[in-house]
Amino acid sequence: MIYKKFGGNGENVSALGFGAMRLPMIKVGEEDFVDEDKAVSVMQKAFDLGVNYVDTAPGYCNKKSEAAVGKAIKGRRDNILLSTKNPISNNSGDDWLKRLEGSLQNLETDYIDYYHFWGIGLEAFKSWQGLEFGPIEAALKAKEEGMIKHISFSYHDAPENFKPIADSGIFDSVLMQYNMLDRSNEENFAYACVKGLGTVAMGPVGGGNLGSPSDVIQSILGVKTKSTAEMALRFVLSNENVHIALSGMNTMEMVNENVSVASRAGQLTPDEKQRLNEMMDKYKKFAELYCTGCDYCKPCPQGIEIGYLFKLMNQHRVYGLTDVARGAYSGVVNGWSWIKSADASKCTACGECEKKCPQKLPIIEQLKETHTALS
């Protein structure tokens with residue numbers, strides 16, 4: 001296993017982190033539970049192979065992930081860097097501490113190494129400034145009392161809103177999306193390192209999407225690999241500004257494959273990386289002919305998340321990830337995803353979106369194409 005210094009903290013972290021968002025599950029009656037025997041075995045296998053960073057959250061795996069992680073780290077606590085998150089629902093510092101205490105109880109531990117403000121954006125961060133005892137004050141108190149060692153945040157806001165949060169001096173590490181198809185945070189990873197933050201990349205295999213068979217992506221790679229998932233992970237690990245690639249793993253096979261990739265001394269040669277970046281830029285420009293994702297078209301009166309549905313359409317049309325795109329479309333329009341949208345056929349051709357689109361795209365026609373292709 002390759003280890004790196006985690007920002008300014010001086011701790012050695014494994015290049016591969018264990019994401020406990022997709023643990024093996026079983027159904028008991030009408031409810032889904034973590035298959036704890038399998039989950040603990042898979043996590044401990046990763047620990048035995050050198051993974052020393054595990055990330056969970058209160059809502060993962062039908063709210064059962066933290067308890068499974070707690071069992072997996074029992075007897076190994078001093079050797080594992082534990083990360084979880086606070087799903088901030090209001091500006092009360094007291095409520096923030098109650099949620100922290102709930103996670104400590106679930107995890108059966110008395111401290112958390114990296115405790116994240118979950119999915120914060122710039123506006124939320126600004127709203128916490130100047131409060132008498134808000135989330136920031138609660139986090140500082142928890143750190144002072146030893147309940148958490150490091151204050152962290154996971155980031156889903158627009159890339160251009162990142163720097164003021166990183167500049168605050170409050171946080172020790174950040175968790176952000178980054179993979180071959182989504183490089184929007186690339187500059188933010190570099191900036192985070194300049195500011196001394198540890199960096200963790202979530203979704204290195206695109207939530208599993210880049211592990212799906214795709215002739216297009218294989219041709220983009222231009223180098224021989226066992227799978228597109230392997231190359232996707234190598235791409236993320238080859239970025240010197242990424243300290244940890246966080247991968248959701250639920251089988252021994254996945255653990256063995258990912259550990260093998262993360263144990264390579266060199267991920268991509270400079271020539272391979274240059275070719276890959278050039279090809280991804282080319283395909284990105286091709287995708288932007290259909291939509292740049294600026295979201296100026298919002299809001300749609302019918303509740304259609306136009307930019308996101310077009311992103312799925314690009315996965316199908318540009319990258320050949322048709323099955324992935326259809327599965328995601330079904331999840332979005334049927335309420336199974338955290339992103340909610342009416343299906344594209346609900347468009348009434350009112351034209352409001354086309355008036356606002358800076359590219360003057362034929363959105364109404366493209367929505368029809370999207371529904372036909374993905375429904």
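**Helix 3.** I began with helix 3, residues 65-72, in this predicted model, and asked how many of its eight residues are buried. Six of the eight are buried, so I note helix 3 as largely enclosed by the rest of the structure. I then listed the buried residues by name, and they are S65, E66, A68, V69, G70 and A72, where buried stands for under 20% relative accessible area.

**Cover of helix 3.** Next I looked up which elements cover these buried residues. Among the helices I found helix 1 (36-48), helix 2 (60-63) and helix 4 (93-107), while the strands include strand 5 (31-34), strand 6 (53-55) and strand 7 (81-86).

**Whole chain, fold and extent.** Turning to the protein chain as a whole, I counted 16 helices and 12 strands. I compared its radius of gyration with the globule rule: for 375 residues a compact globule would have a value near 21 Å, and because the chain has 21 Å, I record agreement. The C-alpha trace spans about 55 × 50 × 50 Å along its principal axes.

**Burial, contacts and surface.** I noted that 50% of the 375 residues count as buried. For contacts between residues at least 6 apart in sequence, I found that 73% join residues at least 24 apart. The accessible surface of the chain comes to about 17100 Å², and carbon and sulfur atoms account for 50% of that surface.

Terms used
Residues numbered from 1 in each chain as written. Predicted model: local features only at pLDDT ≥ 70, side-chain atom pairs only at ≥ 80, totals over all residues. Heavy atoms only, no water. Helix = DSSP H or I, 4+ residues; strand = E, 2+ residues; numbered from the N terminus. Rg over C-alpha atoms; globule rule 2.2 N^0.38 Å. Buried < 20%, exposed > 50% of the residue type's maximum accessible area, 1.4 Å probe, protein only. Contact = heavy atoms within 4.5 Å. Areas by Shrake-Rupley, 256 points an atom, 1.4 Å probe, with all protein chains shown as cover.
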